[in-house]
Amino acid sequence: MSMKILHLFNFFFFISFFTNGLCNSYIHFPNKFSIPIPPSFDPNFHGRAFILVSGKKHPPTFRAGLSLEPIPNNLYSCSLSVFLGPLKVWSSDHFSPFSPSTTCVLDLTSNGVLQVHDGFGLVGWQTSTFSQQVQRLLLEKTGNLVLKDDNNCTKWQSFDYPTDTMLRGQQLNAPFSLTSLNYSFEVLQDMLRISLNWRGQRYSYWELEPKRNISFARLGSIGLKLFDRNSTKVAVIKGSSLSGKEPNKLLALKKDGNLGLYYYSAETGELQASYQSSNNNTCQLPLPCGNYGICTSSNSCSCVAFVSINGDVYDFCENGNEAKAKMVALHGVDTVLMSSNSSLKLMNVSEDECVSSCMDECSCVAARHNEHYSVCMHYGLVGGVREVERGGGHSYWVKVLEEKEKGGSGFERRVVVGAGVFNGLVFCLILGLVFYCFFKRFYYKRTSDLPAVVNVT
């Protein structure tokens, strides 16, 4: 019965919001829109209450409105989002999901604040535009969501708060970053880099260093242009010649850590990549085969032999005092992960010193040594490992648990020793009783054969 109710709920939801939704590029303050939370959790339910649309003449169009999506723990995330076709290019819950219990509300308040709340006073996200005479919410043809006052002055815009996507026409001052799950694309003043963020450490796997410092970046039709403080172009990331007929629409950091430029293909009706940081080689990504996986030369995956605890990677810091570990060399492999962190990078050390230093540090689970420069890198994960030709002047080592000795673990050996001592004591006791009984019987027989002594008085 609950599933039937949920299906009816979904049907009436789409009838209500997709036939009666607003189609303007702006709406005035105050205003309010809401989506009721489904009575039963459905992992396939995606609620969209579009209230703004822009760019009708050039597909795909930008749309903005309330979004309700399933997230872990059987919850729904409520947010204000911007879509380019089916692709979400900005969302208010990118860094902190908001999960109301009964209703998802978008409120354009009378005091000029744009906020997402649950209808009972619990606010999940809002703009800092209180009492700034905000009059309308506008979706520009570039996909920029803007709050403006009566004088048409911008009081807030989504372009100033990038998530995992940068849209054409968007300009950002360095430093800034795009984030997607555990990955980040950073535009710093002296370099660009893509990194994997793992347990408080940052491991880069793609870098670009211009000859001059970067002041700001702008995404144009050919790609991402980087400028210095004099507005002189210092570098550019551009798409292939395939995109010459179609301008790039966006730059996006995907959930696998791949950075790409995308344009709209009229032939397929979909967004196509004109540039990817991995060059279509998955082995250049940090985790194409997961932790403890090896990306082979054929772009398939194999596994590093390791000890797992309930299917999870063994934590040497939590269990190091009880575990015996050893370092094992993996031949014919290398890793794409690097780090400039001085705590992870040791200079002027030998291979033996590199391996030994990783053994002494519980958070280190892998090490890479470059014999040409005597540089040692420590890693908190076995990631980005790929097959390479031997003879590259480096070695890669992985920390694993030692196999149990034939005599068993220390506990097992203590149990065996204890059992042996106990059995020995029992055997000695039985043997003693046998000797005692035999001696007593022999002694009794000898004394019974002696003549009786009678005292006469």
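Predicted model: local features only at pLDDT ≥ 70, side-chain atom pairs only at ≥ 80, totals over all residues.
A disulfide, as counted here, is a pair of cysteine sulfur atoms within 2.5 Å.

Let's start with the link between C283 and C295, where the two sulfurs sit 2.0 Å apart. C283 lies in the loop between β24 and β25 (293-295), while C295 belongs to strand β25 itself, so the bond ties together parts that are twelve residues apart in sequence. Both C283 and C295 are buried.

Now move along to C317 and C362, another disulfide, with 2.2 Å between the sulfur atoms. Here the torsion about the S-S bond is about 85°, so the link between C317 and C362 is right-handed. This pair reaches across distant parts of the chain: C317 is in helix α2 (residues 316-319), and C362 is in the loop between α3 (351-360) and β32 (366-370), 45 residues apart. Are these two cysteines buried, exposed or something in between? C317 has a relative accessibility of 41%, so it counts as partly exposed, and C362, with a relative accessible area of 32%, is partly exposed too.

A further disulfide joins C358 to C364, at 2.1 Å from S to S. The link of C358 and C364 is left-handed, with -100° about the S-S bond. C358 counts as buried because its relative accessibility is 0%, and C364 is buried as well, at 2%.

How are the bonded cysteines paired when you number them in sequence order? The pattern runs 1-2, 3-5, 4-6, 7-10, 8-12, 9-11. Then there is C303, whose closest cysteine sulfur is the one in C301, 7.8 Å away, so the two are too far apart for a bond. C303 is exposed, with a relative accessible area of 71%. As for C153, its relative accessible area of 37% makes it partly exposed.

Next, let's look at a charged residue, E186, which you'll find in strand β16 (residues 183-187). With a relative accessible area of 10%, E186 is buried. Which side chains does the side chain of E186 make polar contacts with? One is that of R193, at 2.7 Å, and another is that of R202, at 3.3 Å. Leaving aside neighbours within four places in sequence, the residues in contact with E186 also include F176, S177, M191, L192 and S195.

Finally, have a look at the largest pocket, which has a volume of about 940 Å³. It is lined by 34 residues, and the closest to its centre are L87, K88, H94, D164 and K255. Several strands give two or more residues to this lining: β4 (62-71), β5 (75-84), β6 (87-91), β15 (176-180), β22 (248-253), β23 (259-265) and β24 (270-276). The largest share, four residues, comes from β6. What classes of residue make up the lining of the largest pocket? It has 17 nonpolar, nine polar and eight charged residues.

Notes: Residues numbered from 1 in each chain as written. Heavy atoms only, no water. 1 Å grid on protein atoms, 1.4 Å probe; cavity = no way out; pocket = protein on both sides within 12 Å on 5 of 7 lines; lining within 4 Å. Points joined across faces, edges and corners; volume = space filled by probe spheres on them. Nonpolar A, V, L, I, M, F, W, Y, C, P; charged D, E, K, R; others polar. Buried < 20%, exposed > 50% of the residue type's maximum accessible area, 1.4 Å probe, protein only. Polar contact = N/O pair within 3.5 Å; in protein donor to acceptor, adjacent residues only side chain to side chain. Contact = heavy atoms within 4.5 Å.
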